[in-house]
Amino acid sequence: MLGEKYIQIRSKTEEICSLLKDEDHVVQVSEFASPPKWHLGHTTWFFETFILKNSFPEYHLFNPEFDFLFNSYYHSMGDRIERNKRGLLFRPYTSEVYAYRKYVDEHIKKYLSSFTAEMNEMLELGLNHEQQHQELLVTDTKYLFSQHSGLPVWDKSKTLQHLQLSSSFNWLPVKEGVYDIGYNGDGFCFDNELRVHKQYIQAFEIMDRPVTNGEYLEFLNDGGYQNFKYWLAEGWDWIVKNNIQQPMYWHKNSQENYFFYHLDGLNELDPLLPLMHISYYEAEAYAHWKGYSLPTEFEWETAARTYPLFFKNIVWEWTQSAYLPYPGYIIAPGAIGEYNGKFMVNQMVLRGGSIATPEQHSRKTYRNFFHANMQWQFPGIRLIKRNKNQL
């Protein structure tokens, strides 16, 4: 069964890239967005390095230079190409990277029947790691295409109309109490979802859906991007320094009409679609303007467990929580210990999942995390009110 899962997930990665041309695979337009070729190579390097190379002495590396080219941030695994130079990988050719994937896949399948329990655990981690990069492939490549002056279509079938939300919403009440937080199931989870611990939560109410484009447009039209009083100091400095006047991928024409760029190209902004590509600064400013708040990650998890039908993978949802270890968290020994723990500083937690998140990859305990200015994923907003007297 694990072998079938391996084939399915690895095939899905290449399916995401199936409409890209060779030229699309190479370009990098920002340090935070890696080119598709690098994602394809890095996810393959993970299996080769942490399973094949470590466990099977007779295995021959596809290309020893790939250790340098496709390592990401694992200092314990040696030197690596600088992140902002991944777009310089016009060599190896794209076809060589696909050949690399095939070579590693064949060897994983060859040895799979002899895997130990520990190796199966590493394979499971590698597959979840690849699913994270599937999401990054979508978001990084969308950002790449958005930087082209022609705003080209990547996939005309990837429309958003099916995501339209109701023009109104209800408040879902959550009772005061002490709740369990963290993953307590039998399947896979990342180490940052551990350990289960208690959190006292005061009563609150939370929106039964994310904020829409139309609702956020009211904030924009009310001068939200010109009024410092709604913004955190860092957020205000960010929009002033970068001349931010609207959300990422919003475009305004000469008639003052707004459009939104997505994988299917540039379309008129739909007020009923969920708001996407919002930084934490923008989310917090909007909440301040509305007179409500963003949830903590503990409030979000409790609400999502209480009302699971109202929490779907549409957009990642910003929380007020800094990305920190849970009580009892232990960083794993070796290179795998670099996966999550060393990033627990100066980042904010997002919960849920987005339309780019692979199926069966997210959980109610899943903790995504980014710096407060990051927009290029699919972050959105869901507000809470912490007492019934709040306007």
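The following questions and answers explain how terms are applied to this predicted model.

Local features of the predicted model need pLDDT of at least 70, side-chain atom pairs count only at pLDDT 80 or more, and totals for chains, interfaces and linings use all residues. Residues are numbered from 1 along each chain as its sequence is written, and side-chain values use heavy atoms, with hydrogens and water left out.

Q: Why are α6 and α8 called roughly perpendicular to each other?
A: Helix α6 (residues 213-221) is a helix in the DSSP sense, where helices are runs of H or I of at least four residues and strands are runs of E of at least two, numbered from the N terminus. Its packing angle with helix α8 (residues 280-290) is about 80°, and the axes are 11 Å apart. Axes are lines fitted to C-alpha atoms, for helices over the stretch in contact, and angles run from 0 to 180 degrees between N-to-C directions. Angles of 65 to 115 degrees count as roughly perpendicular, under 35 as roughly parallel, over 145 as roughly antiparallel and the rest as oblique. α6 and α8 are therefore roughly perpendicular.

Q: Which residues of α6 and α8 meet?
A: Contact means heavy atoms within 4.5 Å. On α6, Glu 215, Tyr 216, Glu 218 and Phe 219 meet Glu 282, Ala 285, Tyr 286 and Trp 289 of α8. Ala, Val, Leu, Ile, Met, Phe, Trp, Tyr, Cys and Pro count as nonpolar, Asp, Glu, Lys and Arg as charged, and the others, Gly among them, as polar. The contact of α6 with α8 accordingly divides into 5 nonpolar, no polar and 3 charged residues.

Q: What makes α1 and α4 roughly antiparallel to each other?
A: The axes of helix α1 (residues 2-16) and helix α4 (residues 94-111) come within 12 Å and cross at roughly 175°. With that crossing angle, α1 and α4 are therefore roughly antiparallel. The contact is made by Tyr 6, Ile 7, Arg 10, Thr 13 and Glu 14 of α1, together with Tyr 98, Arg 101, Val 104, Asp 105, Ile 108 and Lys 109 of α4. These residues divide into 5 nonpolar, 1 polar and 5 charged.

Q: Why are β1 and β12 placed at the edges of their sheet?
A: Two strands pair if DSSP finds at least two bridges between them. The open sheet of 3 strands has the order β1-β4-β12, with antiparallel pairing. β1 (171-174) and β12 (384-385) each have a single partner strand, so one side of each is left without a neighbour in the sheet.

Q: How do you know that β1 and β4 pair?
A: Strand β4 (residues 204-207) and β1 are joined over 4 bridges in the antiparallel sense, and DSSP needs at least two. Leu 172 stands opposite Ile 206 in β4. Helix α9 (residues 297-306) packs on this sheet, where α9 touches β1, β4 and β12 and its direction makes about 75° with that of β4.

Q: What makes β5 and β7 edge strands?
A: An open sheet of 3 strands has the order β5-β6-β7, and the pairing is antiparallel. β5 (250-252) and β7 (265-268) each pair on one side only. The twist averages 35° from one strand to the next. Strand β6 (residues 258-262) is joined to β7 by 4 bridges, and Tyr 261 has Leu 266 in β7 as its bridge partner. Helix α6 lies across β5 and β6, running at about 55° to β5.

Q: What is counted as a cavity, and how many of 30 Å³ or more does the structure hold?
A: On a 1 Å grid over the protein atoms alone, a cavity is a set of points where a 1.4 Å probe fits but cannot get out. Grid points are joined across faces, edges and corners, and a volume is the space filled by probe spheres set on the points. The structure holds 1 cavity of 30 Å³ or more, and the largest cavity has a volume of about 30 Å³. Lining residues have an atom within 4 Å of a point; here they are Val 27, Gln 28, Val 29, Ala 33, Ser 34, Pro 35, Asp 140 and Leu 144.

Methods: 1 Å grid on protein atoms, 1.4 Å probe; cavity = no way out; pocket = protein on both sides within 12 Å on 5 of 7 lines; lining within 4 Å.
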